[in-house]
Amino acid sequence: MTLHGEEPPAGLLLAAGAGRRLGRPKATLEVEGERLVDRGVRTLRSGGCAPVLVVTGAACVEVIGAVVVPNADWREGMGSSLRAGLAALPPACPAAVVALVDQPRVTPAAVARLVEAYDRGARIAVATYGGRPRNPVLITAPYFAEVAGAARGDVGARPFLRANPHLITEVECADVASSEDIDTRADLESYGA
């Protein structure tokens, strides 16, 4: 439970893409001996999220310790995965930390900072790196429908966030995490995979 007595935020890991530039779905990639999907679930859970949901699409993956949410519309882009994940959250879920499977340097400490911001009253908490907003993002339940309604194509929550800067609490995470993502074989090689 969080400091204000509600259930903790859920974790929502978006892992549906095909990884076209890599030649295979990112969820199935291994970095440092661990699949990215398992690493993302562990990060969310260790950061204080429960339950953890994983939105899948291009690859059917089993994930221990998470609820798998298949997204039949994954080809439409990240927006469809965000909508599917938000729709699958338990009805009493007070908030969700949304993370991307291709950012293995996001740490439990970064997720915990978003949860702490929520405990202090943040409505939307966005991880920043050197002042630049990136992922993960914590969204509270009153905004789930608006975020889902604005999520189109491959942009996820960005349109909602840009339209509502007054709701955002920025949470600096550069000292404990990195928003670097894996999009290409060169990116993957830089992780020693």
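This is a predicted model: local features need pLDDT of at least 70, side-chain atom pairs count only at pLDDT 80 or more; totals for chains, interfaces and linings use all residues.
Biologist: Happy to. Why does Glu32 count as exposed?

Modeller: Its relative accessibility is 54%, and exposed means over 50%, so Glu32 counts as exposed. Glu32 sits in the loop between E2 and E3.

Biologist: What makes the phi of Glu32 worth a remark?

Modeller: Phi is near 55° there, which is a positive value in a residue other than glycine. A glycine with positive phi turns up as well: Gly48, with phi near 110°, follows H1.

Biologist: Back to accessibility, then. Why is Lys26 called buried?

Modeller: The relative accessible area of Lys26 is 15%. Buried means under 20%, so Lys26 is buried. The residue belongs to the loop between E1 and E2. Beyond its neighbours within four places in sequence, Lys26 is in contact with Gly17, Gly19, Leu36, Val101, Asp102, Ile182 and Asp183.

Biologist: And why is Met78 called partly exposed?

Modeller: Met78 has a relative accessible area of 25%. The class in between starts where buried, under 20%, stops, and it ends where exposed, over 50%, begins; therefore Met78 is partly exposed.

Biologist: Where is Met78 placed, and which residues does Met78 touch?

Modeller: Met78 is in helix H2. Not counting residues up to four places away in sequence, Met78 touches Leu14, Leu100, Gly153, Asp154 and Gly156. Take Leu14: Met78 and Leu14 are 64 residues apart in sequence, and their C-alpha atoms are 7.5 Å apart in space.

Biologist: Which residues of helix H2 are buried?

Modeller: Helix H2 spans residues 78–88, and its buried residues are Gly79, Ser80, Ser81, Leu82, Ala84, Gly85 and Leu86. They pack against E1, E4, strand E5 (67–70), E6 and H4.

Biologist: What about helix H1, which residues are buried there?

Modeller: In H1, residues 36–46, you will find Leu36, Val37, Arg39, Gly40, Val41, Thr43 and Leu44 buried. Their cover includes strands E1 (10–15), E2 (30–31), E3 (34–35), E4 (52–56) and E6 (95–100), along with helix H3 (108–119).

Biologist: What does the side chain of Thr140 reach?

Modeller: The backbone oxygen of Arg123, at 2.9 Å. A polar contact needs N or O atoms within 3.5 Å, so a distance of 2.9 Å is inside that limit. Apart from neighbours within four places in sequence, the contacts of Thr140 are Pro94, Ala95, Tyr118, Ala122, Arg123 and Ile124.

Biologist: Strand E8 also holds Pro136. What is the peptide bond from Asn135 to Pro136 like?

Modeller: That bond is cis, with omega near 0°. Another cis peptide bond joins Ala50 and Pro51, where omega is about -5°; Pro51 is in the loop between H1 and E4.

Biologist: How many aromatic pairs does a search of the whole structure find?

Modeller: The search finds 1. Tyr143 and Phe160 form it, with 6.0 Å centre to centre and 45° between the planes.

Biologist: Why is the aromatic pair of Tyr143 and Phe160 called tilted?

Modeller: Centres within 6.5 Å make a pair, and here they are 6.0 Å apart. Planes under 30 degrees apart would be stacked and over 60 edge-to-face, so the rest are tilted, and 45° belongs to that rest. The pair links distant parts of the chain: Tyr143 is in the loop between strand E8 (132–140) and helix H4 (144–150), while Phe160 is in helix H5 (residues 158–163), 17 residues apart. Both residues are buried.

Biologist: Finally, the whole chain. How many helices and strands are there in the protein chain?

Modeller: The chain has 6 helices and 9 strands.

Key:
Residues are numbered from 1 along each chain as its sequence is written. Side-chain values use heavy atoms; hydrogens and water are left out. Helices (H or I, at least four residues) and strands (E, at least two) are DSSP runs, numbered from the N terminus. Buried means under 20% relative accessible area, exposed over 50%, partly exposed in between (1.4 Å probe, protein chains only). Contact means heavy atoms within 4.5 Å. A polar contact is a pair of N or O atoms within 3.5 Å; within protein, one must be able to donate a hydrogen and the other to accept it, and residues adjacent in sequence count only if both atoms are side-chain atoms.
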